[in-house]
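Dear colleague,

I am passing on the structure that we spoke about, and I would be glad if you could look through it alongside the notes below.

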Amino acid sequence: KKVNPHKLAQAEARVAELEGKLAALETEMTDPAVYANGGARVAEIGREQSRLRDALATAEAEWSALYD
């Protein structure tokens, strides 16, 4: 099956975007200020990481499906 290069580029860009957002959140978690104020930001980051991981799994599946 011939892979549509435009769709492939879009899928790869989406995966890269989500990976970048996850990496930024992981970096933010290393900042001690994140743990101030009762850890509210930590909980927010955790929820965002979960949402991004789900989106990444979907994006990776869609990318992989282009090769099926």
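What follows is a short account of what was found in it.

Please keep in mind that this is a predicted model, in which local features need pLDDT of at least 70 and side-chain atom pairs count only at pLDDT 80 or more, while totals for chains, interfaces and linings use all residues. Residues are numbered from 1 along each chain as its sequence is written, and side-chain values use heavy atoms, with hydrogens and water left out.

To begin with the overall form, the chain has two helices and zero strands, where helices (H or I, at least four residues) and strands (E, at least two) are DSSP runs numbered from the N terminus. The C-alpha trace spans about 55 × 15 × 10 Å along its principal axes, and the radius of gyration is 16 Å, whereas a compact globule of 68 residues would have one near 11 Å; the radius is taken over C-alpha atoms, and the globule rule is 2.2 Å times the number of residues to the power 0.38. Of the contacts in the chain with a separation of 6 or more, 67% are between residues 24 or more positions apart, contact meaning heavy atoms within 4.5 Å. Buried residues make up 22% of the 68 residues (buried is under 20% relative accessible area, exposed over 50%, and partly exposed in between, with a 1.4 Å probe and protein chains only).

Leaving aside neighbours within four places in sequence, Gln 49 is in contact with Leu 22, Leu 25, Glu 26 and Met 29.

Finally, the structure holds one aromatic pair. The ring centres of Trp 63 and Tyr 67 are 5.6 Å apart and their planes stand at 75°, so the pair is edge-to-face; rings of Phe, Tyr and Trp (its six-membered ring) pair if their centres lie within 6.5 Å, and planes under 30 degrees apart count as stacked, over 60 as edge-to-face and the rest as tilted. Trp 63 is partly exposed at 32% relative accessible area, and Tyr 67 is likewise partly exposed, at 43%.
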